[in-house]
Amino acid sequence: MAKRFTDNAKWCDPWYRKLSPLNKLAWLYITDNCDAAGVIDLDDELANFQIGCTIDWHDFMLAASDRLERLESGKIYITTFIDFQYGKLSKSCSGHNNVFKSIKKHNLSDRVVGRVVDRVAHRDTEKDIYIDKDKDKDKDKDNRDSNKKYEMLFLEAWNSPGRNVRAIRSMTEKRRRSLLARLSEKIGEQSWWEVFSDVIETKFPLQTTLAGDSTWLPDGDWILKPGVVASIAEGKFDWTPGGNGKAKQEVVPI
């Protein structure tokens, strides 16, 4: 299951603060287990087993009020999920593909009106360009928020136990610029982020380092260099027997 953003400010939200402990657990459970658009086919018995206690789900639905909607199919839709996780949706963003698939599957198109944006080509003439300063400010804020979320996800993925890497203690300005540059790249048909997410889960820890040099560990500056993630995906840094790393000839960029 993909990693998701969590709202640490919810503990100060009067609505969440006033929930019973069991209903707080219920909210965490459905936000963790719903699909990409915030829809969950709730299995009460399984949920109670995984949570470790019995939830009064009818009471929980009432407490959640308009934050939850029971669809005609019987599934539950978290009405605030898309706004919080993605902000604006774009069909040109491959990372939103599963969201749109779920929206279509569950007939939620009317619920996301105004949340979908598409690229619009503007002619570079004074007559055809109209700048809405307020919208530009909102867009800048959305971009900053999105960049911050990706920084958090990047740090969480890189610093996870068992990676055998040099931990990143802080995102320097140089690292932020490098991450932003990588996020704008594509590797084949996939975004850099999609390939990075795959290799960090499937290729790490790297089987050996520098052909047996135990003193070298991958670090944050290295992984953010152009071409490194693509090379890992292709097996370049796999020095196990039969791997593609060519241990004795390969020089790893540091």
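V39 stands opposite Y77 in β3, and that pair is a handy way into this predicted model. The model is predicted, so local features need pLDDT of at least 70 and side-chain atom pairs count only at pLDDT 80 or more, while totals for chains, interfaces and linings use all residues. Residues are numbered from 1 along each chain as its sequence is written, and side-chain values use heavy atoms, with hydrogens and water left out.

- Three strands make up an open sheet, ordered β1-β3-β2, with antiparallel pairing.
- The edges are held by β1 (39-40) and β2 (68-70); each has a single partner strand, so one side of each has no neighbour in the sheet.
- Strand β3 (residues 76-78) pairs with β1 in the antiparallel sense over two bridges; two strands count as paired if DSSP finds at least two bridges between them.
- Helices (H or I, at least four residues) and strands (E, at least two) are DSSP runs, numbered from the N terminus.

**A negative patch**

- On the surface, D41, D43, D44 and E45 gather in a patch of negative charge.
- Patch members have over 30% relative accessible area and no salt bridge, and like charges are joined within 9 Å; the place of a charge is CG for Asp and CD for Glu.
- D43 lies in the loop between β1 and α3 (44-51).
- With 41% relative accessibility, D43 counts as partly exposed; buried means under 20% relative accessible area, exposed over 50%, and partly exposed in between (1.4 Å probe, protein chains only).

**Salt bridges**

- The whole structure holds four salt bridges, each defined as a side-chain nitrogen of Lys or Arg within 4 Å of a carboxyl oxygen of Asp or Glu.
- E151 and R176 form one of them, with their closest N and O atoms 3.2 Å apart. This pair links distant parts of the chain, 25 residues apart: E151 sits in helix α7 (residues 133-158) and R176 in helix α8 (residues 173-183).
- E151 is buried, at a relative accessible area of 10%, whereas R176 is partly exposed, at 31%.
- R163 and E201 form another salt bridge, their closest N and O atoms being 3.1 Å apart.
- R163 is buried, with a relative accessible area of 8%, and E201 counts as partly exposed, with 43% relative accessibility.
- R182 and E185 also meet through their side chains in a salt bridge (2.8 Å, N to O).
- R182 is buried, with a relative accessible area of 8%, while E185 is partly exposed, with a relative accessible area of 26%.

**Contacts across the sequence**

- L28 belongs to helix α2 (residues 21-33) and is partly exposed, at 28% relative accessibility.
- I103 is placed in helix α6 (residues 97-105), where I103 counts as buried, at 4% relative accessibility.
- I103 and A36 are 67 residues apart in sequence, yet their C-alpha atoms are 9.1 Å apart in space.

Note on methods:
Patch = residues over 30% accessible without salt bridge, like charges linked within 9 Å, V, L, I, M, F, W, Y side chains within 5 Å. Areas by Shrake-Rupley, 256 points an atom, 1.4 Å probe, with all protein chains shown as cover. Lys, Arg positive; Asp, Glu negative; His and termini not counted.
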